[in-house]
Amino acid sequence: MNKMEKTALIKGMTCDHCASRVEKALNEIDGVEAKVDLNSNSASLKLSKDVPDETIKNAVAAIDYEVTDIIEAPKN
């Protein structure tokens with residue numbers, strides 16, 4: 001199965017510690033492999049199964065950050 005890729009835009013991260021917390025929360029979601037980039041305030045997500053955007057948003061909101069948008073990478 002091909003992995004789906006998405007980018008989550010995240011508001012509220014101000015330092016490496018913030019980015020680490022967000023990355024940890026996203027990686028705890030079953031089927032998600034996340035890499036957070038503090039400079040762009042975003043997370044690159046590789047999904048090995050269907051994960052609703054709401055699940056991603058809720059995981060980030062639970063640690064007091066906000067996902068402002070989730071962009072699906074174009075399929076090849």
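Predicted model: local features only at pLDDT ≥ 70, side-chain atom pairs only at ≥ 80, totals over all residues.
I started with the side chains of D53 and K6, which meet in a salt bridge at 2.6 Å, N to O. This pair links distant parts of the chain, with D53 in helix 2 and K6 in strand 1, 47 residues apart.

Next I looked up how open the two partners are. K6 counts as buried because its relative accessibility, 8%, is under the 20% cut-off. D53 sits at 28%, so I put it down as partly exposed.

How many salt bridges does the structure hold? I found six. Another one joins K3 and E33, with the closest N and O atoms 3.3 Å apart. K3 is in the segment before strand 1 and E33 is in strand 2, so this pair ties together parts 30 residues apart in sequence.

Then I turned to helix 1.

Which residues of helix 1 are buried? My list reads C18, A19, V22, A25 and L26. On the face turned away from the buried side I found the exposed residues D16, H17 and K24.

Last, the core. The largest nonpolar core has 23 residues, and V22 and L26 are among those with the most contacts inside it. Helix 1 gives the largest share of this core, five residues.

Note on methods. Residues numbered from 1 in each chain as written. Heavy atoms only, no water. Buried < 20%, exposed > 50% of the residue type's maximum accessible area, 1.4 Å probe, protein only. Helix = DSSP H or I, 4+ residues; strand = E, 2+ residues; numbered from the N terminus. Core = buried A, V, L, I, M, F, W, Y, C linked by side-chain atoms within 4.5 Å. Salt bridge = Lys/Arg side-chain N within 4 Å of Asp/Glu carboxyl O.
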